Amino acid sequence: MAVRPVLKMGERSLLERSLELEQFGTEELDQLLRDMWDTMAAENGAGLAAPQIGVNLRVVIFGYQTNPRYPEAPTVPETVLINPQITPLDDQTEEAWEGCLSVPGMRGLVPRYLRIRYQGFNQLGDLIDREVDGFHARVVQHECDHLDGVLYPQRITNMAYFGFCEELENNEYLQPQPGDDL
Ligand code: NI
């Protein structure tokens, strides 16, 4: 078990574009992915990008089978996604509340494409090619933004809908979302 510290907003390296991974199936990649899964589990995250633990490579993980806090929420398959590409399937967007392990204790209302195709590779270099929608599509867009140095507050269109969880929960703004921080 190697839980690594999660870098917080304000850390400059979170704003950098991460580099393509060039070698698959290596011991270094295995170790990175073990640390990422351990860290995501320890922080109760639903997704994590390598730059969040200080490794500026285009590697993300996400997914969960069931979330006890949101038993009705759809599951997202546990996925390792490397060198990803996202293609929106149409122009439709949807706003929903998001949180991020690098912005702890806060939530914001973020527009994302509702339907996307995403492509990339798993840790062995096998192709992943999926068409998804809803929360699954949101998680992928959030994690892939980390690889381009973008944090979700930069996507918020109305800053009236950004704040601390404990305050938002006291007003009608905050609708609970499946999953936890991303
Ligand atoms: Ni995040």
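## Metal site

Donors are the N, O and S atoms within 2.8 Å of the metal; water is not among the atoms, so a site may look incomplete. In this predicted model, the donors of the nickel ion follow the spacing C-x41-H-x3-H-x35-L along the chain. They are supplied by Cys100 (SG), His142 (NE2), His146 (NE2) and Leu182 (O), at 2.1 to 2.3 Å.

For four tetrahedral donors, the ideal angle at a metal is 109.5 degrees. Four donors count as tetrahedral if all angles lie between 85 and 135 degrees. The angles among the four donor atoms of the nickel ion are 96 to 143°, and the site is irregular. Because His142 lies in helix H2 and Leu182 in the segment after helix H3 (165-168), this pair ties together parts that are 40 residues apart in sequence. His142 is buried, with a relative accessible area of 2%, and Leu182 is likewise buried, at 1% relative accessibility.

## Sheet

Strands of a sheet pair through backbone hydrogen bonds, either parallel or antiparallel. Here, five strands in the order E1-E2-E3-E6-E7 make up an open sheet with antiparallel pairing. Strand E1 (47-49) and strand E7 (127-133) are at the edges and have a single partner strand each, so one side of each is left without a neighbour in the sheet. From one strand to the next, the twist averages 35°.

Within this sheet, strand E2 (residues 59-64) and strand E3 (residues 76-88) run antiparallel and are joined by five bridges. Opposite Phe62 stands Thr79 in E3.

## Helices on the sheet

Helix H1 (residues 27-42) packs on the sheet, where it touches E1, E2 and E3; the direction of H1 makes about 40° with that of E2. Helix H2 (residues 134-147) lies across E1, E2, E3, strand E6 (115-121) and E7, and runs at about 70° to E3.

## Aromatic pairs

A pair of aromatic rings is described by the distance of the centres and the angle of the planes. Five aromatic pairs are found in a search of the whole structure. One of them is formed by Tyr64 and Phe135, whose ring centres are 6.4 Å apart with planes at 55°, so the pair is tilted. This pair links distant parts of the chain, as Tyr64 in strand E2 and Phe135 in helix H2 are 71 residues apart. Tyr64 and Phe135 are both buried.

Methods. Residues numbered from 1 in each chain as written. Predicted model: local features only at pLDDT ≥ 70, side-chain atom pairs only at ≥ 80, totals over all residues. Heavy atoms only, no water. Pairing = 2+ DSSP bridges. Helix = DSSP H or I, 4+ residues; strand = E, 2+ residues; numbered from the N terminus. Axes fitted to C-alpha atoms, helices over the stretch in contact; angles between N-to-C directions. Contact = heavy atoms within 4.5 Å. Donors = N, O, S within 2.8 Å, 3.2 Å for Na, K, Ca; no water. Tetrahedral: all angles 85-135°; square planar, octahedral: opposite > 155°, others 65-115°. Buried < 20%, exposed > 50% of the residue type's maximum accessible area, 1.4 Å probe, protein only. Phe/Tyr/Trp six-rings, centres within 6.5 Å; stacked < 30°, edge-to-face > 60°.
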